[in-house]
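Here's a quick tour for anyone meeting this structure for the first time.

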Amino acid sequence: MRRAGRRGRQAPEGSPMENGVGQRPGTPETAAEGAPDPRPLRPRPRLVFHTQLAHGSPTGRIEGFTNVKELYTKIAEVFDISPTEILFCTLNTHKVDMQKLLGGQIGLEDFIFAHVRGETKEVEVTKTEDALGLTITDNGAGYAFIKRIKEGSIINRLQTVCVGDSIEAINDHTIVGCRHYEVARMLRELPRAQPFTLRLVQPKKAFDMIGQRTRSSKSPSEGRVASGKETLRLRTQGPATLEDGPSPFEEEAARRVDDLLESYMGIRDSELASTMVEAAKESPSAAQLARDLDSILGEFAFPQEFVAEVWAAVCHPKEAQK
């Protein structure tokens with residue numbers, strides 16, 4: 001299997017990616033007959049990434065996306081499926097590996113594996129303690145799913161619940177379209193000692209993955225992109241840009257902020273953590289960071305003590321570790 005995506009021509013940092021279309025597996029790239037040969041004076045990079053469905057498929061090529069939703073649309077066009085079939089993507093592995101989860105950055109040599117909807121299952125849970133032991137993330141396109149299961153927790157004792165399962169409904173109330181922090185809050189607010197039902201959708205599995213149950217233990221390398229390599233930065237608003245990979249300081253700061261997100265809110269989101277690191281680096285104080293985050297991420301309603309810890313973790317990391 002061909003692993004790496006094709007590298008486009010070098011471009012200055014921050015240059016937008018050229019628009020393009022998904023291409024079906026095996027379809028040759030040909031110019032339209034009789035079309036003029038364009039010769040732009042300053043050509044933009046044409047970035048082409050290789051992709052497969054994680055449970056098995058031919059290799060396709062995609063290009064021209066600027067955010068996760070557009071990425072899913074391109075993949076769906078290649079494999080003739082609906083974008084809503086895609087639960088999440090991993091980089092350079094077909095396995096349900098949360099350490100290789102696609103976030104807001106893609107290395108120019110990364111191979112993208114799309115995990116699609118498999119079987120639906122329902123499980124009844126009784127909340128015997130405040131914490132269920134779940135860490136939630138989302139795919140940026142409407143699906144929240146389980147990123148981590150804490151050892152010894154309520155959910156850990158339910159063998160049918162696995163890392164990578166998408167949470168489709170709580171007590172028959174659909175949560176499709178909700179962000180990870182909203183789902184985590186719903187689960188926290190469920191009353192103790194009262195059973196509730198989770199409707200889950202597991203990723204479609206290849207034969208060698210059947211029976212696998214991963215708890216995705218914490219790893220220092222989670223969500224990292226190798227330093228010194230160019231990456232494609234996907235953005236919620238505006239075009240995707242070519243950027244250098246994060247520095248070791250930025251990687252470590254983002255990891256600490258991601259840990260704080262899990263501790264305070266029950267979610268992990270490497271792209272959100274990176275955005276908060278960028279904001280904290282520009283803020284002279286925790287109070288200013290709180291105002292900045294409220295203007296760009298107000299829907300999260302971050303607690304004041306959480307913002308103070310984020311600012312300390314980024315701007316005074318040695319003191320924050322004491």
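## Helices α5 and α6

In this predicted model, helix α5 (residues 286-297) and α6 pack at an angle of about 115°, so the two are roughly perpendicular to each other. Their axes lie 9 Å apart, and the crossing is right-handed.

Who's touching whom here? On the α5 side you'll find Ala286, Leu289, Ala290 and Leu293, and they meet Val307, Ala308, Val310 and Trp311 of α6. Sorted by class, this contact has eight nonpolar residues, with no polar and no charged ones.

## Helices α3 and α6

α6 (residues 304-315) also meets helix α3 (residues 248-265): the axes come within 9 Å and cross at roughly 160°. That angle is over 145°, the cut-off for roughly antiparallel, so that's how α3 runs relative to α6. α3 passes α6 in a right-handed crossing.

From α3, the residues involved are Phe249, Ala253, Arg256, Val257, Leu260, Leu261 and Tyr264; from α6, they're Glu305, Phe306, Glu309, Val310, Ala313 and Val314. By class, that gives 10 nonpolar, no polar and three charged residues.

## A look at Thr137

Now hop over to strand β6 (residues 134-138), where Thr137 sits. Is Thr137 buried or exposed? Its relative accessibility is 3%, so Thr137 counts as buried.

The side chain of Thr137 reaches the backbone oxygen of Arg268 at 2.7 Å. Leaving aside neighbours within four places in sequence, Thr137 has contacts that include Leu101, Tyr143, Phe145, His180 and Asp269.

How values were computed
Residues numbered from 1 in each chain as written. Predicted model: local features only at pLDDT ≥ 70, side-chain atom pairs only at ≥ 80, totals over all residues. Heavy atoms only, no water. Axes fitted to C-alpha atoms, helices over the stretch in contact; angles between N-to-C directions. Helix = DSSP H or I, 4+ residues; strand = E, 2+ residues; numbered from the N terminus. Parallel < 35°, antiparallel > 145°, perpendicular 65-115°, else oblique. Left-handed = near helix turned anticlockwise from the far one by under 90°. Contact = heavy atoms within 4.5 Å. Nonpolar A, V, L, I, M, F, W, Y, C, P; charged D, E, K, R; others polar. Buried < 20%, exposed > 50% of the residue type's maximum accessible area, 1.4 Å probe, protein only. Polar contact = N/O pair within 3.5 Å; in protein donor to acceptor, adjacent residues only side chain to side chain.
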